[in-house]
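Reader: Please take me through this model and say on what grounds each label is given. I would like every term set against its cut-off.

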Protein chains: 4
Amino acid sequence: MPDDKIIKRGEKLVALFNTAPIKHTFGMTFRYDSEGSAIFELPYNPRFDHALRGIHGGAIATLIDNAGWFTVAARHDTWIATVEFQTRLLEPVEKEKLISRGWLIRAGKSLSTAGMEVKTEGGRLIAVGSGTFAVTSVPFGHNA
Amino acid sequence: MPDDKIIKRGEKLVALFNTAPIKHTFGMTFRYDSEGSAIFELPYNPRFDHALRGIHGGAIATLIDNAGWFTVAARHDTWIATVEFQTRLLEPVEKEKLISRGWLIRAGKSLSTAGMEVKTEGGRLIAVGSGTFAVTSVPFGHNA
Amino acid sequence: MPDDKIIKRGEKLVALFNTAPIKHTFGMTFRYDSEGSAIFELPYNPRFDHALRGIHGGAIATLIDNAGWFTVAARHDTWIATVEFQTRLLEPVEKEKLISRGWLIRAGKSLSTAGMEVKTEGGRLIAVGSGTFAVTSVPFGHNA
Amino acid sequence: MPDDKIIKRGEKLVALFNTAPIKHTFGMTFRYDSEGSAIFELPYNPRFDHALRGIHGGAIATLIDNAGWFTVAARHDTWIATVEFQTRLLEPVEKEKLISRGWLIRAGKSLSTAGMEVKTEGGRLIAVGSGTFAVTSVPFGHNA
């Protein structure tokens with residue numbers, strides 16, 4: 001169960017995401033669950049298919065990056081930046097809504113680490129990932 | 001210098017990419033250079049910005065995935081599938097055209113490995129990556 | 001709870017590991033837990049310290065690789081090979097016994113994926129990792 | 001060609017490595033080449049074989065970690081710490097001397113990135129890797 005600070009930051013981050021151009025381009029929705037994990041939903045949109053008509057790995061990587069970044073961001077009072085993330089594409093997927101989720105592995109002073117996954121609505125595991133996020137000194141809410 | 005087989009497969013793969021919905025959604029262009037490296041160009045499009053108005057890591061990961069996949073695909077007679085790829089975001093970038101390039105690290109019978117990078121038009125290095133690609137038994141050209 | 005097949009293969013793999021030169025060089029012990037996760041213990045040995053007297057990342061990577069490989073190996077009837085693995089060093093550690101554990105993320109026909117972690121005996125999380133393992137066609141037990 | 005500062009730091013780092021217990025346990029030698037890349041040599045030692053008598057991935061990961069760490073360390077006036085590194089095992093290897101090399105991808109104020117590779121003496125590419133290294137505020141030479 002996340003503490004009040006995380007819930008409050010989460011509310012600001014959800015509001016921030018709603019102003020992100022990429023949110024509207026992909027048609028993603030975003031919320032935190034009761035554990036403080038960032039949850040992104042991407043309804044199926046044929047515009048993100050690759051030439052063989054599966055969902056492109058780049059769309060899956062976008063869900064992975066978002067799930068990690070927003071899970072970590074809610075744990076810090078300053079902005080964070082993605083340093084690197086790995087995307088493991090476990091199964092091909094086509095014509096399905098995708099849901100990504102992040103979880104905190106470790107929150108540090110200068111670096112934090114998260115795990116991420118992408119599932120179909122039916123619960124099939126499509127991809128997993130993990131990433132490193134740098135904690136900057138720019139106060140949270142500065143640009144929000 | 002790539003051999004004739006690679007050039008021929010490359011021509012088919014460029015034609016294939018032109019039918020990919022994601023190509024049109026992102027507005028990417030694709031060609032092979034004289035080394036047989038896949039080169040993708042993504043003109044700046046504010047629709048792929050994150051909330052703080054930089055270019056989203058997911059767009060960069062899409063360029064990385066494509067550069068690796070198409071560089072490797074031109075070396076095989078059968079379809080390949082991305083197993084995993086890592087994206088290292090070295091510098092933030094905003095409002096710039098991005099160019100990704102892949103290079104073959106090792107072509108194997110069942111698995112191949114590639115390195116990838118993303119630069120701005122001015123040559124600033126934005127991201128690097130690497131990935132593993134599985135070689136399937138589905139003949140190349142089957143769906144092309 | 002792993003099925004009988006996994007338990008039986010696990011017994012063979014533990015016997016195999018006991019013949020591995022690296023086991024004796026590091027002084028590692030190996031068993032499977034009740035979930036079928038491979039567990040490696042590395043008692044503190046100053047010979048694996050780096051120059052600043054912490055435990056070297058290479059020793060931690062060895063624990064990570066082993067935990068993933070043996071967790072996956074118990075799920076297949078043929079030999080597996082590590083394709084790639086990532087090691088995330090979350091905290092420095094010195095002069096402590098380390099324990100690694102693997103867990104299966106997905107077992108496939110040609111590729112399997114595992115997650116791994118390294119903790120101190122007191123439960124402090126030192127490192128996490130993940131890896132891809134290729135399933136070969138060489139029957140399990142052939143060289144065991 | 002590295003500048004004088006890098007060469008001078010490199011000399012200190014080589015001297016430091018000679019005091020590292022793990023250097024003696026593995027029997028590695030270390031120098032910088034004319035580009036300022038850290039080069040590690042590991043003569044074949046059966047004590048680092050796995051049960052099937054190939055060289056263990058953990059020994060290869062140790063060479064990868066070292067090559068990246070020492071290449072990056074020579075570019076900074078303060079100590080660095082490995083954040084994460086990926087190891088891609090391209091080919092199995094047995095009974096051969098291994099040589100690892102690192103190269104700088106980007107030196108930043110708080111984070112630096114390197115690429116790494118491991119070859120046999122005959123030039124066969126065995127493994128590649130890449131890693132993130134955090135720049136601490138502890139002055140270089142403090143513990144050297």
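Author: A term for strands comes before the rest: two strands pair if DSSP finds at least two bridges between them. Helices (H or I, at least four residues) and strands (E, at least two) are themselves DSSP runs, numbered from the N terminus. The model is predicted, so local features need pLDDT of at least 70 and side-chain atom pairs count only at pLDDT 80 or more, while totals for chains, interfaces and linings use all residues. Residues are numbered from 1 along each chain as its sequence is written, chains are lettered from A and ligands numbered from 1 in the order in which they are written, and side-chain values use heavy atoms, with hydrogens and water left out.

Reader: What makes β3(A) and β3(B) a pair?

Author: β3(A) and β3(B) are joined by five bridges, in the antiparallel sense. The rule asks for at least two, so the strands pair. One of the bridge partners is Arg88(B) in β3(B), which stands against Glu84(A).

Reader: How do you know that β3(C) is joined to β3 of chain D?

Author: By the bridge count again: five bridges join β3(C) to β3 (residues 78-89) of chain D, and the strands run antiparallel. Gln86(C) has Gln86(D) of β3(D) opposite.

Reader: How many residues of chain B and chain A are in contact?

Author: Contact means heavy atoms within 4.5 Å. The contact takes 33 residues from chain B and 33 residues from chain A. Buried area, the accessible area (1.4 Å probe) that two parts lose on being put together, summed over both, is about 2,700 Å² between chain B and chain A, and carbon and sulfur atoms give 62% of that area. Arg47(B), Leu52(B) and His56(B) supply 19% of the area that chain B buries against chain A, more than any other three residues.

Reader: How many salt bridges does the rule find across the interface of chain B and chain A?

Author: The rule finds zero salt bridges there. The count of residue pairs in polar contact between chain B and chain A is 14, both residues at pLDDT 80 or more. A polar contact is a pair of N or O atoms within 3.5 Å; within protein, one must be able to donate a hydrogen and the other to accept it, and residues adjacent in sequence count only if both atoms are side-chain atoms.

Reader: Which elements form the side of chain B that touches chain A?

Author: Two or more residues each come from α2 (21-26), α3 and β3 (78-89) of chain B. The largest share, nine residues, comes from β3(B). By class, this side has 15 nonpolar, twelve polar and six charged residues.

Reader: What are the figures for chain C and chain D?

Author: 33 residues of chain C are in contact with 33 residues of chain D. The buried area is about 2,700 Å², and carbon and sulfur atoms give 61% of it. Across this interface the rule finds zero salt bridges, and 14 residue pairs are in polar contact.

Reader: Why is Thr62(B) called buried?

Author: Buried means under 20% relative accessible area, exposed over 50%, partly exposed in between (1.4 Å probe, protein chains only). Thr62(B) has 0%, so the label is buried. The residue is found in helix α3 (residues 57-73) of chain B. Leaving aside neighbours within four places in sequence, Thr62(B) is in contact with His56(A), Gly58(A) and Ala59(A), and with Ile22(B), Phe26(B) and Met28(B).

Reader: What makes Glu41(A) and Lys97(A) a salt bridge?

Author: A salt bridge is a side-chain nitrogen of Lys or Arg within 4 Å of a carboxyl oxygen of Asp or Glu. The N to O distance is 2.8 Å, so the pair meets the rule. Glu41(A) lies in strand β2 (residues 38-42) and Lys97(A) in the loop between β3 (78-89) and β4 (98-107) of chain A, so the pair ties together parts that are 56 residues apart in sequence. Lys97(A), at 24% relative accessibility, counts as partly exposed.

Reader: How do Arg101(A) and Glu117(A) meet, and what label does each get?

Author: The side chains of Arg101(A) and Glu117(A) meet in a salt bridge at 3.4 Å, N to O. Arg101(A) is in strand β4 and Glu117(A) in strand β5 (residues 111-120) of chain A, 16 residues apart. Arg101(A) has 28% relative accessibility, so Arg101(A) counts as partly exposed; Glu117(A) has 13%, so Glu117(A) counts as buried.

Reader: Which residue forms a salt bridge with Arg106(B)?

Author: Glu91(D) does, with the closest N and O atoms 2.9 Å apart. The pair crosses between chains, from strand β4 (residues 98-107) of chain B to the loop between β3 and β4 (98-107) of chain D. Arg106(B) at 26% is partly exposed, and Glu91(D) at 23% is partly exposed.

Technical notes. Nonpolar A, V, L, I, M, F, W, Y, C, P; charged D, E, K, R; others polar.
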